[in-house]
Amino acid sequence: MDQEWINNFRNKLDEHYGWPALYIFKFIVPSAKEMELKNLFPMHIPTERKSAKGNYVSITFQMMMPSSNSVIEVYERVSTIEGLIAL
């Protein structure tokens with residue numbers, strides 16, 4: 001992730017949220033990578049929706065986050081999953 005983008009994102013998060021705050025993460029992953037994403041957050045129960053053909057899964061996590069840095073850490077952690085799209 002580009003450091004300038006991270007700094008801008010952190011500033012926007014801090015403008016719109018009072019920490020700690022409930023943050024909603026939405027991801028689209030290839031079906032074969034679904035468990036890889038879920039295993040990163042074993043303490044959280046996701047909401048899921050498969051695509052019409054079943055090739056992709058939309059996964060949503062609601063997590064209580066202590067700070068904007070924590071939100072960014074989640075995005076950095078999931079960025080290692082091939083084919084993942086963060087919304």
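Here's a quick briefing on how this chain is put together. The model is predicted, so keep in mind that local features need pLDDT of at least 70, side-chain atom pairs count only at pLDDT 80 or more, and totals for chains, interfaces and linings use all residues. Residues are numbered from 1 along each chain as its sequence is written, and side-chain values use heavy atoms, with hydrogens and water left out.

**Overall layout**
- The chain has 3 helices and 4 strands; these are DSSP runs numbered from the N terminus, with helices being H or I of at least four residues and strands E of at least two.
- Starting at the N terminus, the order is α-β-α-β-β-α-β.
- Along the principal axes, the C-alpha atoms fill a box of roughly 40 × 25 × 20 Å.

**The sheet**
- The 4 strands make an open, antiparallel sheet in the order E2-E3-E1-E4, where two strands pair if DSSP finds at least two bridges between them.
- Strand E2 (47-50) and strand E4 (85-86) sit at the edges with a single partner strand each, so one side of each has no neighbour in the sheet.
- E1 and E3 run antiparallel and are joined by 10 bridges, with tyrosine 23 opposite methionine 63 in E3.
- E2 pairs with strand E3 (residues 56-65) over 4 bridges, again in the antiparallel sense, and here arginine 49 faces serine 58 in E3.
- The hairpin of E2 and E3 has 5 residues between the strands, and glycine 54 there takes a positive phi near 80°.

**Helix on sheet**
- Helix H3 (residues 68-78) lies across strand E1 (21-30), E3 and E4, at about 10° to E1.
- For that angle, axes are lines fitted to C-alpha atoms, for helices over the stretch in contact, and angles run from 0 to 180 degrees between N-to-C directions.

**Burial, contacts and surface**
- Of the 87 residues in the chain, 31% are buried, meaning under 20% relative accessible area with a 1.4 Å probe, protein chains only.
- Take the contacts (heavy atoms within 4.5 Å) between residues at least 6 apart in sequence: 71% of them join residues at least 24 apart.
- The chain exposes about 5800 Å², with 53% of that supplied by carbon and sulfur atoms; the areas come from the Shrake-Rupley method with a 1.4 Å probe.

Technical notes:
Buried < 20%, exposed > 50% of the residue type's maximum accessible area, 1.4 Å probe, protein only.
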